[in-house]
Amino acid sequence: MSRIAYVNGRYLPHEHAQVSIEDRGFQFADGVYEVCEVRGGHLVDERRHMARLDRSLSELRIARPMSAAALAVVMRETVRRNRVRDGIVYLQITRGVSRRDFPFPPRGTQPSVVVTARSNDLERLERAAAEGIAVITVPDIRWQRVDIKSVALLPNVLAKQAAREQGAREAWLVDAQGRVTEGGSSNAWIVSRDGMLVTHPLGRDILPGITRSVVIEVAKAQGLAFEERAFTVEEAYAAREAFVTSASQIVMPVISIDGRPVANGAPGLVASALRRDYHQHAEFS
Ligand code: PDD
């Protein structure tokens, strides 16, 4: 079955789905995106993803290309046309097409919209979660507004490639003070030596992960001791547990950091319980 993408008002086979070479997303990474989980044919936490999209657009002063209701229809139609039951829907909005010039294009330039969807092998994901993943640490060399979900992801690309070359699935980004901000495409968590669930506080230095916000609710419902504060790489090496969260992986246990096993080198109980209960707290629409 050929994959179908939505591009600026049309549903097209991927091989014909194209944007202009003068699209500002291509020229300047001048655009934003969202990745939303699809489970059982439903969108997961759509409301929160759309709220974050609105915020990203307004922070960058990119016009909303269509109403929220129209966008909701396009996402569902893209999921349907690709017959995705379990997977992700990807949405990208750029500042549109205009002759290459750094300042914003003329008023009235239409933003570009691309929506794609793809299936995930749930069994494979569950197997990965049962095994856990390795992470490496690399310096966080990103710009100072990574709370905006922009498509400017070159540092993340380099970090994740370094991870792959070292046999790891994720790279944890480390600030100048030796503290872990987040992963290349996920939020980072530990269960500290004293049993505290810890993740970096919100701010301009991390993406406000939707999965992160739901996991906080799950942790509260489970009565876990929880703290939002930065943790160092040294603290992570000594942690009882570590894991990452993202829309595509939900809660993924981390079993080694820079080649050192986390605790006994197996997925932790806290991470596994958060993963188990996640979808009871997520919104399906
Ligand atoms: N990545 N931090 C970064 C840098 C991310 O790119 C992501 C998401 C997250 C987790 O956010 P959420 O829980 O809302 O997915 C944190 C997506 C999945 C991606 O780029 O594919």
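Colleague: Two strands pair if DSSP finds at least two bridges between them. With that settled, how many bridges are there between E5 and E6?

Modeller: Please keep in mind that this is a predicted model. E5 and E6 are joined by 8 bridges and pair in the antiparallel sense. Within that pairing, Val 89 has Ala 117 in E6 as its bridge partner.

Colleague: Which other strand is joined to E6?

Modeller: Strand E1 (residues 4–7) runs antiparallel to strand E6 (residues 112–119), and 2 bridges join them. Val 7 has its bridge partner in E6, namely Val 114.

Colleague: What is the order of the strands in the sheet?

Modeller: The open sheet consists of 6 strands in the order E2-E1-E6-E5-E3-E4, with antiparallel pairing. Strand E2 (10–13) and strand E4 (42–43) are the edge strands, each pairing on one side only.

Colleague: Let us turn to charges. How many salt bridges are there?

Modeller: The count comes to 24 salt bridges. One of them is formed by Arg 95 and Asp 30, whose closest N and O atoms are 2.7 Å apart. This pair links distant parts of the chain, the two residues being 65 residues apart. Arg 95 sits in the loop between strand E5 (87–94) and E6, while Asp 30 sits in the loop between helix H1 (24–28) and E3.

Colleague: Now the ligand. Which residues come nearest to it?

Modeller: There are 20 residues around the ligand, and the nearest are Tyr 33, Arg 52, Glu 182, Ile 210 and Thr 211. By class, the shell has 12 polar, 5 nonpolar and 3 charged residues.

Colleague: Where does the ligand lie relative to the domains, and why?

Modeller: The ligand lies between domain 1 (4–120) and domain 2 (125–281), because both give residues to the shell around it.

Colleague: Which backbone atom lies 2.8 Å from an oxygen atom of the ligand?

Modeller: That is a backbone N or O atom of Ala 247. A nitrogen atom of the ligand has a backbone N or O atom of Ser 185 at 3.3 Å.

Colleague: How much of the ligand does the protein cover?

Modeller: On its own the ligand has 470 Å² of accessible area, and the protein covers 90% of that. The elements that give two or more residues to the shell include strand E3 (31–39), helix H2 (46–60) and helix H6 (210–221). Strand E9 (179–183) and strand E14 (241–246) also belong to that group.

Conventions. Residues numbered from 1 in each chain as written. Predicted model: local features only at pLDDT ≥ 70, side-chain atom pairs only at ≥ 80, totals over all residues. Heavy atoms only, no water. Near = heavy atom within 4 Å. Polar contact = N/O pair within 3.5 Å; in protein donor to acceptor, adjacent residues only side chain to side chain. Areas by Shrake-Rupley, 256 points an atom, 1.4 Å probe, with all protein chains shown as cover. Helix = DSSP H or I, 4+ residues; strand = E, 2+ residues; numbered from the N terminus. Nonpolar A, V, L, I, M, F, W, Y, C, P; charged D, E, K, R; others polar. Domains from an automatic or database assignment. Salt bridge = Lys/Arg side-chain N within 4 Å of Asp/Glu carboxyl O.
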